[in-house]
Structures are given as C-alpha cells and as structure tokens.
Amino acid sequence: MGNKITDIGRMKSRVEGESRLRNLHPEKTVKLGTEKNPAVVHVRTERRLKEVAALFKEKGWTCKITLEPDKPEDIAALERLLNPPKPTRVEKKLGRNEPCSCGSGKKYKICCGSNAAA
C-alpha cells in the first residue's frame with residue numbers, strides 16, 4: 001500500500017499535465033472562403049447563380065452555392081468576403097499622472113480626474 005498523500009500528488013500532476021496539453025493546441029478558426037470553410041450562398045435565379053459563381057472563381061474563393069427560388073437570397077458570406085471588417089482603433093487613455101487635456105497644466109488626477117471619480 002502506498003502513501004496516500006504522494007498518490008494524490010501524482011494524480012494532481014497528471015491532471016494538470018493533461019490540461020496543459022489541451023491548452024497547447026487550441027481550436028483554430030479557419031478563414032472563410034477556403035477549402036475547410038467554404039462560403040455558403042443561397043440565390044434565387046440561375047442567372048444570379050452564374051454571376052456569383054464567376055465572382056467566387058475570379059477571387060479564388062471556395063463556395064457552396066444553392067439555387068432556391070422560393071427562399072430569399074442570402075449572400076451574407078459573399079459580402080463578408082468582399083468587405084472584411086476593419087479593426088477598430090481605440091484612443092489612448094489619459095493616465096492619472098499625465099498633464100490634463102483641458103490645458104490647465106495640472107495633473108489629470110488633480111484637475112478633471114477628481115471630477116470623474118465623484
């Protein structure tokens with residue numbers, strides 16, 4: 001019979017090791033329009049299907065286009081590929097010990113920072 005305290009320590013280290021391995025390879029998101037994540041588009045007419053297919057082929061994107069005349073057109077994936085979201089820029093926050101932005105010459109924490117806390 002082994003020492004119960006050392007057995008618990010071994011069990012704990014095994015569990016921690018397994019969780020570290022899972023965190024080592026997190027699930028990666030695949031870029032839209034690739035072989036692993038094709039863009040899915042629904043169109044209503046044959047003419048529109050050819051038009052959208054030509055656009056995907058021109059850009060080199062992978063897609064799944066379905067022709068559904070009785071359902072509304074859904075080209076959200078195509079719009080996302082054509083107009084990717086732009087990263088937003090955040091203004092630098094004013095630090096407590098920096099000069100106040102109002103132009104008084106005082107530190108922010110004494111001037112306008114004290115009003116913000118109240």
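Start in helix 2: select Glu 51 and Arg 48, which both lie there, three residues apart, about one turn of the helix. This is a predicted model.

**Stop 1: Glu 51 and Arg 48**

Show both side chains. Glu 51 forms a salt bridge with Arg 48. The closest N and O atoms are 2.6 Å apart. Arg 48 counts as partly exposed because its relative accessibility is 22%. Glu 51 falls in the partly exposed class too, at 40% relative accessibility.

**Stop 2: Arg 47**

What does Glu 51 form with Arg 47? A salt bridge, with the closest N and O atoms 3.6 Å apart. Helix 2 covers residues 46–59, and Glu 51 and Arg 47 sit four residues apart in it, so about one helical turn separates them. Is Arg 47 buried or exposed? Arg 47 is exposed, because its relative accessible area is 64% and the cut-off for exposed is over 50%.

**Stop 3: Glu 73**

Where does Glu 73 lie? Follow the chain to the loop between strand 2 (63–67) and helix 3 (76–82). Arg 48 is in helix 2, so this pair ties together parts that are 25 residues apart in sequence. Glu 73 counts as partly exposed, at 36% relative accessibility.

**Stop 4: the network**

Select Arg 47, Arg 48, Glu 51 and Glu 73 together. Salt bridges that share partners join these four residues into one network. Glu 51 is bridged to Arg 47 and to Arg 48. How many salt bridges does the structure hold? Three.

**Stop 5: Phe 56 and Trp 61**

Clear the selection and move to the aromatic rings. The count comes to one aromatic pair. Select Phe 56 and Trp 61: they form this pair, and the arrangement is edge-to-face.

Trp 61, at 22% relative accessibility, counts as partly exposed.

Note on methods: Residues are numbered from 1 along each chain as its sequence is written. This is a predicted model: local features need pLDDT of at least 70, side-chain atom pairs count only at pLDDT 80 or more; totals for chains, interfaces and linings use all residues. Side-chain values use heavy atoms; hydrogens and water are left out. Rings of Phe, Tyr and Trp (its six-membered ring) pair if their centres lie within 6.5 Å; planes under 30 degrees apart count as stacked, over 60 as edge-to-face and the rest as tilted. Buried means under 20% relative accessible area, exposed over 50%, partly exposed in between (1.4 Å probe, protein chains only). A salt bridge is a side-chain nitrogen of Lys or Arg within 4 Å of a carboxyl oxygen of Asp or Glu. Helices (H or I, at least four residues) and strands (E, at least two) are DSSP runs, numbered from the N terminus.
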